[in-house]
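Work through the exercises below with the sequence and the model side by side. Each task is followed by a solution in steps.

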Amino acid sequence: MTQTDPSAETLLIADCPLCRKKVLATVRGEVVEPPDDDIGREEPWRVLLVACTLCQTAMVLASAYLHGPNEWESPENVWPNGAPVVDAPSPVQRAFQEAYRCFHQANAYSATATMARRTLELVCKDQGATSGNLVKKIEWLQQNNKIEGRLLDWATALRFVGNDGAHGDAVKRQDAEDALAFTEALLEHIYVLTVQYEKFSERRQKTEARKAAAKTSVPAPQSPAAKV
């Protein structure tokens with residue numbers, strides 16, 4: 001948690017992409033975005049422009065609102081080298097961001113694979129797959145039309161690579177990078193594209209219903225004989 005004091009220069013801890021380590025960074029600008037129902041953001045969101053105190057590299061950090069006045073979670077890098085923000089539940093998002101940081105900031109490939117697998121487990125739990133081991137949970141996702149086809153293959157691949165990381169087997173850089181990509185694709189499909197398609201389908205159904213109602217409300221034309 002961090003607190004800002006407008007009367008003093010604010011310093012935060014950030015991951016500098018040039019220094020390749022955690023550094024103190026000076027806050028140069030701040031924007032607080034209000035809650036937005038359209039994108040499912042229930043709390044304010046704080047975005048900071050900061051500069052590394054060692055090399056002056058610019059970075060963008062963000063943090064979520066906690067509960068008290070001017071109280072925020074510890075800010076995390078979103079640019080550069082920040083984890084992509086997917087509109088997923090907080091536990092899922094945090095696990096994915098940790099996997100991303102393990103890869104891009106720590107070069108910890110086994111940890112990356114382990115956290116990618118953890119993200120998949122949290123997705124299963126969030127979607128309702130809570131019984132059995134991860135194999136059974138992935139099968140549940142398929143049987144309930146949450147994933148299919150190639151996405152099922154990717155989920156299975158995540159499980160295998162994650163097992164390697166969790167059991168102490170060395171995970172190669174390319175495998176860890178692929179695991180991140182597969183994880184992001186799954187999150188995008190389940191939490192973004194699926195929701196977007198459902199909203200699209202709902203709009204189309206309403207449009208078709210209005211068209212059908214308009215057709216039935218228009219009187220049928222009378223024949224010439226009926227007018228006499």
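Predicted model: local features only at pLDDT ≥ 70, side-chain atom pairs only at ≥ 80, totals over all residues.

**Exercise 1.** Find how many helices and strands the chain has and the order in which the elements run.

Solution. The count comes to 6 helices and 5 strands. Reading from the N terminus gives β-β-β-β-β-α-α-α-α-α-α. Of the 228 residues of the chain, 35% are buried.

**Exercise 2.** Work out the strand order of the sheet and state which strands stand at the edges.

Solution. The sheet is open, and its 5 strands follow the order S1-S2-S3-S4-S5 with antiparallel pairing. Strand S1 (11–16) and strand S5 (76–79) each have a single partner strand, so they stand at the edges and one side of each lacks a neighbour in the sheet. On average, neighbouring strands of this sheet are turned by 50 degrees against each other, direction ignored.

Now take the pairs in turn. S1 and S2 are antiparallel and joined by 6 bridges; within this pairing, leucine 12 has alanine 25 in S2 as its bridge partner. The two strands form a hairpin with 4 residues between them, and arginine 20 in the turn has a positive phi of about 55 degrees. Strand S2 (residues 21–33) also pairs with strand S3 (residues 45–52), in the antiparallel sense, over 8 bridges. Here glutamate 30 has leucine 48 of S3 as its bridge partner.

**Exercise 3.** Which residues of helix H3 are buried, and why do they lie on the same side of H3?

Solution. H3 covers residues 134–143, and its buried residues are Leu134, Lys137, Ile138 and Leu141. They cover an arc of only 100 degrees around the axis, and therefore lie on the same side of H3. The buried residues of H3 pack against helix H2 (109–127) and helix H4 (150–166).

Next, look at the surroundings of H3. Asparagine 133 caps the N-terminal end of H3, with a side-chain oxygen 3.2 Å from the backbone nitrogen of valine 135. After H3 comes asparagine 145, with a positive phi near 60 degrees.

**Exercise 4.** Which residues touch the most other members of the largest nonpolar core?

Solution. The core has 34 residues, and those that touch the most other members are Val92, Leu120, Ile138, Ile147, Leu186, Leu187 and Tyr191. The elements giving two or more residues to this core are helix H1 (90–104), H2, H3, H4 and helix H5 (173–217). H2 supplies the largest share, 8 residues.

Take isoleucine 138 as a case. Leaving aside neighbours within four places in sequence, isoleucine 138 is in contact with Leu120, Cys124, Ile147, Leu152, Ala155, Thr156 and Arg159.

Finally, a second, separate core has 11 residues, among them Ala14, Val27, Leu48 and Leu61.

Technical notes
Residues numbered from 1 in each chain as written. Heavy atoms only, no water. Pairing = 2+ DSSP bridges. Axes fitted to C-alpha atoms, helices over the stretch in contact; angles between N-to-C directions. Buried < 20%, exposed > 50% of the residue type's maximum accessible area, 1.4 Å probe, protein only. Arc of directions from axis to C-beta. Contact = heavy atoms within 4.5 Å. Polar contact = N/O pair within 3.5 Å; in protein donor to acceptor, adjacent residues only side chain to side chain. Core = buried A, V, L, I, M, F, W, Y, C linked by side-chain atoms within 4.5 Å.
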